[in-house]
Amino acid sequence: MEAVEYAETVIIGAGQQGCAVAASLQDVGREAVVLERGEIGQAWAHERWDSLLVGSGVRSIRFPGWEFVSDDPHASLSGPELAGHLRRYAAERKLCVRQHTPVHKVECPPGVAAGDDVRFRTHLDTGGVIESRNLVAAVGGYAAPRVPDVAAAIDPCVHQTHSRHYRNPASLPDGAVLVVGAGISGQQIADELADAGRRVFLSVGRHRAWPHRYRGRGIHEWMFAFGLYEDFVTRNTGGSAVLPGLPVTAVTSGEGDLNLGTLAAKGVVLVGSTHGAERHTLLLADNVLATVEESARAYRQVIDAIDAGISRRGFVVPEQRPAPEVRRDHIADFGPRLDLAEHGITAIVWCTGFGPDYRILPAEVLDEHGAPRQEKGLVGAVPGLYYAGLPNGDSLASVAISACVDNGRFIAGQIHIDHVMRSGSAEPVIVA
C-alpha cells in the first residue's frame, strides 16, 4: 500500500516561481511542500548551455523579500549563478523543498465537497502519495523542448541536439555547425561557436533584438526610466504556438551588441528559415533579408522610443552618433537549399523553443490541446488549483523572473482567503 501523507499546499517545481510561492505562503503563515524532480533551480543550473546569460538583466533578479544587489547594473547573470542565488534564498527562508522527487501524476478525488481538506492526490515516482487542499503547478512554459518534424528527415550521421542539451562548443563533433533559430539561445550559441573558431551557419527565424547600451545607459535602465517593460515582454509570434523568448540584449563581453548584423560580421553565415529536409539537404525559405529588416525595425523603434523619452523629459545625456543599428553590410539572401555535406556541417543545434508540459495534471483541468484551462494565467479550472509562471495571452510578463514576486503573493493571498472562508473565522481576508 502506498504511503500517504498530507500537506495543505503542494507546489510542483522549485524554480524561482515555485520557491516564490512557498516563501509568500510562509509570509502569511501558511505552509507548503515543494516537490522538485531535480535540484532547486534545475533548469538554470543543468538544462541550459554553460555560457547562457539571463537576458532580462540583474534588475529582474528578485524573490519575495529579497532583491539582487550588484555593483554593475548592466550585468547579466549566468544560469548557474542564478540557480546559486535561488538555492541560497531557499536555504535562508528554510523552505520545505524535496529535491529529486519527481511527480508521477496528480488526481482529483471524485465527489470532493467545498469543505474537504483533500482536493488533490499527488502521486510520486517513488510510490508515495501527498494529499492536499491546494496544488500549485510551477513548471512554467519552458518545460518541453520543441524540435520540428523536419529533423527526422535529416541523415542520422549528422549530430542533432536541442539547445536544452547543448553545453559548449567542445560538446559537438568537429566540423561546421548549423544553429536553427535566431532568438536568445540561437544567437548566444552561434556567437559562442564563432568565438571558438567554429564555422557557423544560422538558420534565421522571427525574433527581436534590442541594443545592449545606448547613450551612456544600459537598455534595462532605459526600460525602467520610460516604462518600456511591457514592450519588452509582449510577444509577437504571428499565431505561432511556440513560446518565444525576450529580445536579444545580453552579450558575453558586456560590451557591444548581439544581433544578426554583428554575427554576420564575425563570419556567421545567415541562411533562411528551415522548412524541409532531404537527408543531407535542408530546404530554406528565401527570407534572410526580410528577417533582418524586421529585426532592425524593432531595434530602431526602441532607439526612437528612448530618444523621444530623453527629449520629453529633458534629460542631459550624451549624444550617440551614429545611433547603433542592425547592420546589413555582410548579409545577403542565401538561396533555397543548404547542402550539409558540401559545407562540412556535422552538427545541428535546434534553438526552436519550448512548450509547456502539464501531462501530470488531471485531464479535466486541461483543454483539448493539453494546455491548462485557467484565468489570467494563475487560477486553475478547479478550486484550489493555481499556476505560477504560466504564459498569459501575448505577454511574457507572468513568465519573467521578476514576476515571481507578484505571482507568489497573489497565489498566497488566494490560499489565505480560502483558509479564512473555510474556517468560518472573522479574520480579515486582506493580507499585507
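Q: What is the strand order in the open sheet of four strands?
A: First, a caution: this is a predicted model. Strands of a sheet pair through backbone hydrogen bonds, either parallel or antiparallel. Here the order is S1-S9-S8-S7, and the pairing is mixed. From one strand to the next, the twist averages 25 degrees.

Q: Which strands stand at the edges of that sheet?
A: Strand S1 (4–6) and strand S7 (103–107) do. Each has a single partner strand, so one side of each lacks a neighbour in the sheet.

Q: In which sense do S1 and S9 pair, and over how many bridges?
A: S1 and strand S9 (residues 129–132) pair in the parallel sense, over three bridges.

Q: What is the order in the open sheet of five strands?
A: Read it as S12-S21-S13-S14-S17, with parallel pairing. The average twist between one strand and the next is 20 degrees. Strand S12 (159–162) and strand S17 (269–271) are the edges; each has a single partner strand, so one side of each is without a neighbour in the sheet.

Q: How many bridges join S12 to S21?
A: Four bridges join S12 to strand S21 (residues 345–350), and the two run parallel. Within this pair, histidine 159 stands opposite alanine 347 of S21.

Q: Which strands does helix H4 lie across?
A: Helix H4 (residues 184–195) lies across strand S13 (176–180), strand S14 (200–203) and S21. Its direction is at about 165 degrees to S13.

Q: Why is H4 described as largely enclosed?
A: Count its buried residues. Eleven of the twelve residues of H4 are buried, so the rest of the structure largely encloses the helix. Among them are Ile184, Ile189, Leu193 and Ala194. The buried residues of H4 pack against S13, S14, helix H7 (260–265) and S21.

Q: What span should H4 have at 1.5 Å a residue?
A: The twelve residues of H4 should span 16 Å, and the end C-alpha atoms are 16 Å apart, which agrees. Just after H4 comes glycine 197, with a positive phi of about 90 degrees.

Q: How far does H8 reach from its first C-alpha to its last?
A: H8 has 26 residues and reaches 38 Å, close to the 38 Å expected at 1.5 Å a residue. Glycine 314 follows H8, and its phi is positive, near 70 degrees.

Q: Which residues touch the most other members of the largest nonpolar core?
A: That core has 86 residues, and Ile11, Val179, Leu270 and Ile306 touch the most other members. Helix H8 (residues 288–313) gives the most to this core: eight residues. Apart from this core lies another, of 20 residues, among them Ala7, Tyr358, Leu361 and Leu385.

Q: Which residues does isoleucine 11 touch, beyond those up to four places away in sequence?
A: They include Val21, Leu25, Val33, Leu35 and Val136. Glycine and alanine also feature, including Gly18, Ala22 and Ala138.

Q: Where are histidine 100 and lysine 376 placed?
A: Histidine 100 is in the loop between strand S6 (97–98) and S7. At 53% relative accessibility, histidine 100 counts as exposed. Lysine 376 is in the loop between strand S23 (374–375) and strand S24 (379–380). Lysine 376 is exposed, with a relative accessible area of 71%.

Q: What does the side chain of arginine 337 make a polar contact with?
A: The partner is the side chain of glutamate 278, at 3.2 Å. Arginine 337 is in strand S20 (residues 337–339). At 46% relative accessibility, arginine 337 counts as partly exposed. Leaving aside neighbours within four places in sequence, its contacts include Thr281, Leu282, Leu283 and Leu284.

Definitions and conventions. Residues are numbered from 1 along each chain as its sequence is written. This is a predicted model: local features need pLDDT of at least 70, side-chain atom pairs count only at pLDDT 80 or more; totals for chains, interfaces and linings use all residues. Side-chain values use heavy atoms; hydrogens and water are left out. Buried means under 20% relative accessible area, exposed over 50%, partly exposed in between (1.4 Å probe, protein chains only). Contact means heavy atoms within 4.5 Å. A polar contact is a pair of N or O atoms within 3.5 Å; within protein, one must be able to donate a hydrogen and the other to accept it, and residues adjacent in sequence count only if both atoms are side-chain atoms. A nonpolar core is a set of buried Ala, Val, Leu, Ile, Met, Phe, Trp, Tyr and Cys residues joined through side-chain atoms within 4.5 Å. The expected span of a helix is 1.5 Å times one less than its number of residues. Two strands pair if DSSP finds at least two bridges between them. Axes are lines fitted to C-alpha atoms, for helices over the stretch in contact, and angles run from 0 to 180 degrees between N-to-C directions.
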